[in-house]
Amino acid sequence: MANIDSVKQALRQRATETSSSPRQPLSDTQYSAGFDTLVRGSGWMTYEEFIIPQLSQLLAPLSNSRIHISVLEIGPGPKSVLGYLPIRLRRKISRYVAFEPNGLLAANLEEWLCSTSEMESPLPCLESPPDIHRIPFDLNNHTGSGTGISTSDADEKYDIILFCHSMYGMKPKHKFIERARKMLVERPEGGMVVVFHRDGALHFDGLLCHRTASFPTGVVRVANDNEVLDRFAAFMAGFVMQEVEEQKALRVEWRKVCRALGHREEAPLDHLSFSLPNVMAAFTQHATALPELMAQMPLLKGNKTVKNREARLHHPASVVRPTKVRHVQQCVLWALKHGAGLTVVGGGHSGHCLWSNVVAVDMGAFNRVRIFTAGADGGDSGSDSGPFVVAEAGCKTGDIVSKTMAAGVIVPLGARPSVGAGLWLQGGIGHLARLHGLTCDAIVGAVVVSVDSSQLLCVGRVPSQCQPAGAVRPENEADLLWAMKGAGSNFGIVVSVTFKAYAAPTYSIRNWVVPLSNDLEARLKLSEFDNLVAMKLPRNCSADAYLYWDAGQLRLGATMFESSTTGFTTAMPTATPANAIWGPEDSFKVVDSVDLFETEMYMSVMHGGHGGGKTSSFKRCLFLKRIGAANLADRLVAAVKVRPSPLCYLHLLQGGGAVGDVAADATAFGCRDWDFACVVTGIWSRDQDGAEAARAAVRWVYNVAADLLPFSSGAYGADLGPDPRDTALAAKAFGPNRPRLARLKHSSDPRSVLAYACPLPGAPMAPKLIILVTGEIGAGKDYCAEVWVSVFTACTHKSLTARAVSISDATKGEYAAATDADMNRLLWDRDYKEQHRPALTAFYQGQLRQRPRLPEEHFQNVVHSAVDVDVLLITGMRDEAPVAALSHLVPDSRLLEVRVEASEVARRVRRGYHGGDDGGDDYKDSKDNKDSKSHNPNLMALDYRPCLVFDNNTTGNEAAKRFAEHYLLPFFHEDLQRLANMVRAVPCFPRPGIEFRHVLNISQQPGGLGLCTSMLQAQFTGDWAEVGVVVCCEAGGFVYASALALRVDMPLALIREAGKLPPPTISIVKPQSHISSSASNDSREKRIEMERDIIPRGTPVVVVDDVLATGETLCAVLQLLDEAGIGPEDVSIMAVAEFPVHRGRELLRRRGFGRANIQSLLVFGGA
């Protein structure tokens, strides 16, 4: 699929070759017709998915700081994109001026803006009519009247100047930006010149971008029709021929060009598709600030050569090469002063180490490696006293390996000698990972320049000889060290890293290449490799696999690496599991860590040594388990079969071992549960950089990654950058650590100086309250959800935003795309839906077999698409116990299930009247609905208890409104926030890596205990009159339960450690709680007990505890109550604080206590 710029060049070239007639510019009518072809239909998706969101994001801070906004738009076309912004932004625009030289487009624009109906007016708060000048915007002041600008107009200042439809014909472009910049308001600051450009490449010599973004996935689809192609081709070329006959002949040639370069799509309509990349660049008054920086420090001489093909295509505003730490600090101070972003160049493997119109900081001058043996680092001796390696941020992996080997030590680095600090800080998967862990796991300290203050920070263990003068220990040192180990490129400019080192080994290397005759054999061999080879290896061994095509046949290459600090004999290699399956290895070598780099199969075996080295590559990596499973193996094979160039391949690096020993939340690298890292590698000839061959390889990599993502346990963040195609991968790059990383990014880089690093999620991560509205078909779930949305949004004193969505829409969309079913009718036409229900059922079940995490995937997609609301109501959810199953995925949100109940008569009636309430994903269990628990009107048939139940048997919406006001709105009571503010966060307690929430601190605050117990009483969803006893377990539960029992005038049943209550008692074994197990290594068995017969059998009780985390303590309490004759259906649990990431609710259900009612006052993310 050719991009739009190459189409333009090809059309102009063909005109030069075939016609000598003079060229003439397009008429207003011709230009308008061509413009319409480009922006309507699929072309409008670029506006919806990129231009409108980017513009909204840029204007939001401006809108917040101004009462009114004035806009000058250059070349808006028939409608201004401003008219499609959110209404709150449109209402801020009080003055609109435009330059539109096309008379037809200008007339349409004026008519559109001057609509008489306020409801239809695109810009409803203009204080004067729009001022549209029907002339080009040029570099000179215009005077006069009519279509020109008066002197006063020329002097007018604007808050926003917008070039929305590219800058074609404006040369030199930086002069036009400078002209526009001078027309920005000077006070208050914040005015911007914003440019959107269609061909994906935009360079402004000497100017500095405030923010920039790209949209490489835009596509325009043009009907494969002669008349449409004629309009499109003339618009793209920008001219027609004066001679009529020559123009007719040229049209024929231009059609051939379009059909040759376009990707033809025959269904559902015959169209030609072209790539339509777009870029955005925003400039402020600081756009000319570059000379100030260049005068302060050394600059790179000549162009910066980097390894990454993507980065080579970018044109940075400047590349500075600091030689001293103070130079790095000056860069940060300059960036903070002028609101600029920075990129950092280490090894040059990152696609975002250079970014167009952004300053790059080349750390190459910081290239020292220092080695400290035990006790020689000048630091505290401690139990872990070395050896250590301190590597500065300009070092390459090969430099570190060669220097450390001379000292007899090694750091577990990656497998490529030219990679730099970006890889160490974001993972680092090498051949010692199974034995010693990832590279980031070996990080014990760092020296970092803060991008919030430019202060020099020492984090963790840094030998005294390597601590720069003036460096300080930050207050959040533990958080920063945690972040350095997996996401370190986001939180400051790293100057040096301290690694824990290990004894340097030697390696034995064995290679096999197995030809694969068909897909079945490929699946079998992958399964053998996974189950009979890789899984059998000890930790000092790792096995890599390569799936590639060579000499006309699919092949599986396998390399086994074995490390030893005692050496190998080359005479008689020991047998391995692979020998028993595949016979003798094709080659065997013994090498040291330096020579190890040359043994990689892609370097030495595949494709004659990786295409002779004259290639470029693009990679994305996902973490997989069970690669030999049929559904995954088939996808891996299919990916290689559709490769766009012969050299593309899949590289599977073995994980497990020490990688998985580290808890997911112990470092920022949260993806720990994987067997293989699958590196999807697109390769093309280097002379094709920037051409269609390169674009096709990149598309292939992203397509394969998207296909594998649902089967993965995460994605590798080291490769990812600001490309929007990386967003879905970045969402799975940090496991459970995304919320903590988002908060730390916000506090460490509040001005987004490092805006182009691996994308981290912004806060908030999810709505504050997520309500899963469940129930039987026809119960009125969708109807109730909409009523409850209206209750939240009508609560003006709380200014809440709310939205209702159906989770089943995702499956319907996938089904419609796969079958050509009508999506709109699937959503709104009940009869049409019923016709497709059996097929939908089969489709969903097939998808579920192939994508076991599909329910979680759909849930996360729905939540992530609604981060802009306070309350999200989700219908169509038919998973059992959804709160227990899903709450850990949204640990910073409160997740509730409200089950809507209605009689069978009411449900039957509503099916005829409430067409929107289709039960959502009811096709999931439609094979035998009459036996499904979710269709049983008796709640006792469920093996769990929903959070709330709404009886929807009355007509009208009053009952639903009262329910929301009584049970749902209280979750936004200001007293809950007061309570949350009393819970103090204590970093690194009781051990490093844990942010302890001091819940008992509530009782130590004035009025805290009274407030907490009053909230426990008020939030209880049961009937206190039916409760017989308040139960608590020491020690935290005693504090709140005692006060609550006094408040509600009920007896208190105490549960204590065995031996602390007088007989007779009953007791059970109690596992350690989360905090107890974190604070102590004492694994001795402990028992808890309560007095026998203190609670009569069958008495309803309320169990009060301070924390619900793993659920182990509450499981023990419920087991003890069960021994006493109190079943889970008679138990309500009230926790002061819940930590969903530990999945306590799920444990309770799994242990048979799902029927207990569980409530928590507060919800906290993290550990």
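These are my notebook entries on a few places I looked up in this predicted model.

**Ground rules**

I number residues from 1 along each chain as its sequence is written, and my side-chain values use heavy atoms, with hydrogens and water left out. Since the model is predicted, local features need pLDDT of at least 70 and side-chain atom pairs count only at pLDDT 80 or more, while totals for chains, interfaces and linings use all residues.

**Entry 1: Arg620**

I began with Arg620, which I found in strand 27 (residues 615-624). Strands (E, at least two residues) and helices (H or I, at least four) are DSSP runs, numbered from the N terminus. Is Arg620 buried or exposed? Arg620 is buried, with a relative accessible area of 3%. Buried means under 20% relative accessible area, exposed over 50%, and partly exposed in between, with a 1.4 Å probe and protein chains only.

Next I looked up polar contacts: pairs of N or O atoms within 3.5 Å, where, within protein, one must be able to donate a hydrogen and the other to accept it, and residues adjacent in sequence count only if both atoms are side-chain atoms. The Arg620 side chain makes one with the side chain of Asp726 at 2.9 Å, and another with the side chain of Tyr702 at 3.2 Å. I also listed contacts (heavy atoms within 4.5 Å). Leaving aside neighbours within four places in sequence, Arg620 is in contact with residues including Glu310, Cys678, Val701 and Leu729.

**Entry 2: strand 43**

Then I turned to strand 43 (residues 1131-1138), where 8 of its 8 residues are buried. Strands pair if DSSP finds at least two bridges between them. Strand 42 (residues 1101-1108) pairs with strand 43 in the parallel sense over 7 bridges, and Leu1108 stands opposite Glu1138. From strand 42 the chain crosses through helix 38 (residues 1112-1123) to strand 43 in a right-handed β-α-β crossover. Right-handed means that, with the strands pointing away from me, the path from the first strand over the helix to the second runs clockwise.

Strand 43 also runs parallel to strand 44 (residues 1157-1163), joined by 6 bridges, with Ser1132 opposite Asn1157. Strand 43, helix 39 (residues 1144-1150) and strand 44 make a right-handed β-α-β unit.

**Entry 3: the cores**

Last, I checked nonpolar cores: sets of buried Ala, Val, Leu, Ile, Met, Phe, Trp, Tyr and Cys residues joined through side-chain atoms within 4.5 Å. The largest has 149 residues, and Trp334 and Leu547 have the most contacts inside it. Helix 23 (residues 692-708) gives this core its largest share, 9 residues.
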